[in-house]
Amino acid sequence: MKAFVELKNISKHFKDPHGQGIVKAVDGISFQVKQGELVTLLGPSGCGKTTTLRIIGGFEIQNKGDVLIDGAVVNNLPPNRRPTAMVFQSYALFPHMNVFENVAYGLKIRNFSRAEIRRKVLDILDIVGLTGLENRYPGKLSGGQQQRVALARAIVLEPKLLLLDEPLSNLDAKLREQMRIELKKIQKRVGITSVYVTHDQLEAMTLSDKVVVMNSGKIVQEDTPANIYRFPTNKFVASFIGRANFIEATLVDVQADSVRVKLKNGKEIGVVVIHDNWKIGEKVLVVARPESITLTSVDKGDIVGTIENSIYTGNMVTFEVVSDGSSFEVDMVNPYSSTLPALGEKIGLKFNQKSITIVRSEDNESGE
Ligand SMILES: Nc1ncnc2c1ncn2[C@@H]1O[C@H](COP(=O)(O)OP(=O)(O)OP(=O)(O)O)[C@@H](O)[C@H]1O
């Protein structure tokens, strides 16, 4: 499928508001969004994701690089001449207009007929699940309902590209979770190509066809949610997305899609890899997610540790195990079907070799 949105080597610098220098908000990034895809820009605060989104929408102009939408360079077009609509974190609804009028507003100024406006607004309200609330004013709506109105107002204009800037961040945790699922359904139903900004990794994982992970104005990884979780390219991605245990090791054997590493205690284990030119003798970090480690007897463990703590979260218990000065998180799902180890107990940790991977040690990150 061809790229619908394309960013080519985009950079954006701002004057540092507190000093003489410049802030490199976006530093030479390139990525593509295919037709109908939802792509998330994910990263910590200040990594440049909002600036990138604003550049796509035309609210900010890049210092370098090109933005293409549907094959056309849009660098010099103002926001209202781009085929985009933006949904903001603050819903920015008109308080003196009811739901119907809020959604109809953009169609009215585009001179659609009354009958057409009515049909389009009622259709969209049905899609976002607001039928029956046409006459309510924003002040009488819940946060989730207000967010749906904001979404309806953007998609009723049938933009080719929907830009969403942390649209769920004003909602409480439970509602956020519901709206995430809703939003994904609505996006797929309407089939609208979307770029979504969030610093919430769970939101990015649940919603996206593809996640673009950013740090310090650069793209650090770009892949499907599953591949990013399973095969992070470096320690930053591994710890920013999901929870990860890291174990120092040395590469002792390299095959096409799997390698063997030697741990500090001399134990050799296999791991699965998909990227990079790994070299025998290289220092690496094994990445083991908490669910990829099993507690076992001391003699069967790849490493041995002591249970320091256990945290119940209903469906599982997370054990904190200390081994050779390092702390490990180990999740045990369905905990009530087995005997739980006691605090202070010595225990073996067995790595599931099919679901662990490696990243380069930080002092060796460039791969030199
Ligand atoms: N108008 C501006 N003037 C000066 N610096 C700016 C401006 N806009 C953004 N920046 C700086 O550029 C960098 C990237 O900002 P941006 O808002 O894109 O990050 P973000 O990843 O979206 O962060 P957040 O999640 O906190 O919104 C930050 O260091 C920010 O302070």
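Visitor: What makes β7, helix α5 and β8 a right-handed β-α-β unit?
Guide: A crossover counts as right-handed if, with the strands pointing away from the viewer, the path from the first strand over the helix to the second runs clockwise, and β7, helix α5 (residues 173-190) and β8 make a unit of that hand. The model is predicted, with local features requiring pLDDT of at least 70, side-chain atom pairs counting only at pLDDT 80 or more, and totals for chains, interfaces and linings using all residues. Residues are numbered from 1 along each chain as its sequence is written.

Visitor: How do you know that β7 and β8 pair?
Guide: Two strands pair if DSSP finds at least two bridges between them, and strand β7 (residues 161-165) and β8 have 5 bridges in the parallel sense, with Ser 194 in β8 as the bridge partner of Leu 162. Strand β3 (residues 38-42) likewise pairs with β8 in the parallel sense over 5 bridges, and there Leu 41 stands opposite Val 197.

Visitor: Why is strand β8 called largely enclosed by the rest of the structure?
Guide: A residue is buried if 20 or more other C-beta atoms, placed from the backbone, lie within 10 Å of its own, exposed if 12 or fewer, and partly exposed in between. In β8 (residues 193-198), 6 of the 6 residues are buried, so the strand is largely enclosed by the rest of the structure. Both faces are covered, with Thr 193, Val 195 and Val 197 buried on one side and Ser 194, Tyr 196 and Thr 198 buried on the other.

Notes: Helix = DSSP H or I, 4+ residues; strand = E, 2+ residues; numbered from the N terminus.
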